[in-house]
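Open the model in your viewer and have the selection tool ready. The stops below say what to select next and what is there.

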Amino acid sequence: FLPRHIAELIFYMEELRAHVRKYGPVMQRYYVQYLSGFDAVVLNELVQNLSVCPEDESIIMSSFVNTMTSLSVKQVEDGEVFDFRGMRLDWFRLQAYTSVSKASLSLADHRELGKMMNTIIFHTKMVDSLVEMLVETSDLSIFCFYSRAFEKMFQQCLELPSQSRYSIAFPLLCTHFMSCTHELCPEERHHIGDRSLSLCNMFLDEMAKQARNLITDICTEQCTLSDQLLPKHCAKTISQAVNKKSKKQTGKKGEPEREKPGVESMRKNRLVVTNLDKLHTALSELCFSINYVPNMVVWEHTFTPREYLTSHLEIRFTKSIVGMTMYNQATQEIAKPSELLTSVRAYMTVLQSIENYVQIDITRVFNNVLLQQTQHLDSHGEPTITSLYTNWYLETLLRQVSNGHIAYFPAMKAFVNLPTESELTFNAEEYSDISEMRALSELLGPYGMKFLSESLMWHISSQVAELKKLVVENVEVLTQMRTSFDKPDQMAALFKRLSSVDSVLKRMTIIGVILSFRSLAQEALRDVLSYHIPFLVSSIEDFKDHIPRETDMKVAMNVYELSSAAGLPCEIDPALVVALSSQKSENISPEEEYKIACLLMVFVAVSLPTLASNVMSQYSPAIEGHCNNIHCLAKAINQIAAALFTIHKGSIEDRLKEFLALASSSLLKIGQETDKTTTRNRESVYLLLDMIVQESPFLTMDLLESCFPYVLLRNAYHAVYKQSVTSSA
């Protein structure tokens with residue numbers, strides 16, 4: 001049988017013990033005054049009234065009176081150490097003298113004297129032996145030997161909501177255990193000490209787990225309430241309002257109206273108690289216990305109850321964030337970044353409210369957990385939201401773009417699903433528009449976005465490595481084409497000898513798509529940082545915009561790296577430079593590497609006309625791009641050229657001018673073609689030249705005008721817009 005209120009009783013005992021220790025000097029003052037002002041006077045009267053008093057007994061009792069009379073409050077204030085052991089020993093002697101059969105002064109005949117002396121001895125102990133008195137009167141170290149019953153009492157205490165506030169009494173009792181050791185049994189000391197430590201640790205750990213579970217339940221409830229406020233849930237309400245306005249019948253009769261968010265806060269009376277109320281009550285009770293003492297010392301070890309709660313909250317918060325992504329590897333499903341951000345904010349709001357119950361630094365928990373989530377793996381080696389989202393965007397979204405199921409729409413600044421036979425399980429726009437990318441930037445932070453960029457660049461570098469292999473296969477033909485761009489007949493003959501033309505364009509398009517996605521991510525990061533740290537971002541922008549042209553490239557790259565980390569666009573992408581520079585092979589000389597880079601640009605330039613024969617190459621003014629993503633070539637050509645010729649220390653402007661000359665002459669050639677199949681989307685492909693120049697910080701429209709007549713571009717724009725109007729009609 002275990003009484004339900006045993007924890008409360010032990011708690012109040014501990015509270016009394018704590019008060020006695022805290023106010024020891026006050027008690028000393030009281031009993032010193034008691035001894036000198038009352039006990040000494042009464043004892044003196046009793047001694048005076050004794051009919052018979054032998055000399056030895058008289059000397060002892062006189063010393064009692066003198067000792068007590070000499071006491072003063074000033075001794076307590078000066079911090080003087082009292083020692084009444086001699087006085088108590090004299091009382092034992094006096095009892096021995098007066099208890100023998102032939103004693104002239106018999107203590108049995110003077111009961112009042114005995115009572116008074118016992119009271120005085122108690123009062124002296126309250127002055128010089130306060131700790132010993134506490135051990136003697138309230139020590140519960142016996143529980144050390146009944147640990148199972150002790151643990152059962154603790155579990156019962158945690159299970160009863162009304163008693164959980166007193167659960168701290170059990171760890172506090174572990175501080176008593178060392179008082180049951182004895183100097184005659186030193187071998188017991190280690191066993192008892194270990195037991196006291198293990199029990200104290202177990203009790204504090206269980207209390208922290210219970211509090212953590214309550215907090216998690218509250219967070220789950222709050223996340224559910226936050227989820228109700230998401231924009232996706234307002235569609236039904238809007239449709240109901242529209243139907244009501246148009247007086248249409250809304251489905252089945254008597255269909256219950258959906259409860260609006262906020263209904264849960266309406267109370268008809270004070271007696272209504274929700275599940276959330278019960279959780280908050282239980283949490284406040286338990287937190288009172290955790291917050292009761294800042295620390296406790298058990299066998300020279302210091303325990304801090306609040307730290308137990310902090311560590312458990314960190315672990316649970318980490319697991320919850322990763323869990324809320326709802327990533328399913330089999331179906332490749334994952335939560336939208338904006339929805340995850342809403343849930344994380346709801347979770348953080350609840351955790352911040354814990355500071356009202358317990359004096360813990362919840363900001364430290366946020367910093368530890370959220371900073372770990374910006375890395376590839378957390379401190380336990382588990383995947384983080386950074387790695388999950390990076391893998392999903394690379395392996396799911398961008399892979400479907402490569403397969404032709406998704407296109408990048410510059411007008412919407414988002415990736416959008418294309419109507420295909422096989423329907424995708426997700427809507428790309430819901431994961432890649434501006435609001436979602438900003439939410440992703442909020443979650444991953446600059447470190448996480450840098451990891452995402454590095455992963456994207458690794459994929460680009462693998463594509464560039466394959467492109468270089470294709471260039472090596474066609475190196476002789478490309479070398480001749482590089483110098484023969486003004487000889488149409490020779491160029492046509494050489495072009496027929498080229499192999500893997502489609503593969504080059506496809507790989508360059510994939511690179512362009514990846515770079516377009518990265519530009520979306522960078523723009524979102526810049527927006528987020530501008531909101532949080534506007535002054536720092538403006539300083540970085542100013543620093544980047546005022547780099548002198550004659551600055552050493554290493555210094556410029558350092559500035560670009562800083563700018564890129566803040567989400568600012570750069571003329572030369574530092575992440576791409578790092579990724580491509582790691583590709584340098586030992587067998588090929590730097591001169592040969594430079595030649596391959598130049599010929600790669602030649603290969604892309606002379607391959608552009610083949611795009612005109614593709615049905616999907618048609619330009620759509622509504623999306624400001626092509627459905628097969630060839631508009632992404634503009635970004636790919638500029639970024640790859642800038643990175644490659646920075647690595648090989650060549651002139652970026654000269655190489656891009658050469659590219660423009662080759663590309664324009666190749667595209668002008670298809671203007672003379674009569675075969676409608678090969679030129680069906682000629683105007684749409686012409687627009688690529690304009691896009692390349694618009695995208696490039698190194699090329700100008702004047703330069704394009706010298707290579708490619710602007711009238712052709714104007715006519716091309718007119719033709720594609722006219723065609724789009726006709727097709728839409």
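This is a predicted model: local features need pLDDT of at least 70, side-chain atom pairs count only at pLDDT 80 or more; totals for chains, interfaces and linings use all residues.

Residues are numbered from 1 along each chain as its sequence is written, and side-chain values use heavy atoms, with hydrogens and water left out.

**Helix pair**

Select residues 55–69 (helix H3) and 85–97 (helix H5), which pack at an angle of about 155° with their axes 10 Å apart. H3 and H5 are therefore roughly antiparallel (an angle over 145 degrees). Now show the side chains in contact (heavy atoms within 4.5 Å): among them are Ile-60, Phe-64 and Met-68 of H3, and Trp-91, Leu-94 and Tyr-97 of H5.

**Single residue**

Next, select Val-42 in helix H2, residues 24–48. Is Val-42 buried or partly exposed? Val-42 is partly exposed, at a relative accessible area of 21% (buried means under 20%, exposed over 50%, partly exposed in between, with a 1.4 Å probe and protein chains only).

**Helix with a buried side**

Finally, select helix H19, residues 475–483, where Val-477, Leu-478 and Met-481 are buried. These residues cover an arc of only 95° around the axis, so they are on the same side of H19. The face turned away carries the exposed residues Glu-476 and Thr-483. Show helices H18 (434–473), H20 (488–497), H25 (590–607) and H27 (652–670) to see what the buried residues of H19 pack against.

Note on methods
Axes are lines fitted to C-alpha atoms, for helices over the stretch in contact, and angles run from 0 to 180 degrees between N-to-C directions. Helices (H or I, at least four residues) and strands (E, at least two) are DSSP runs, numbered from the N terminus. Angles under 35 degrees count as roughly parallel, over 145 as roughly antiparallel, 65 to 115 as roughly perpendicular and the rest as oblique. The arc is that of the directions from the helix axis to the C-beta atoms.
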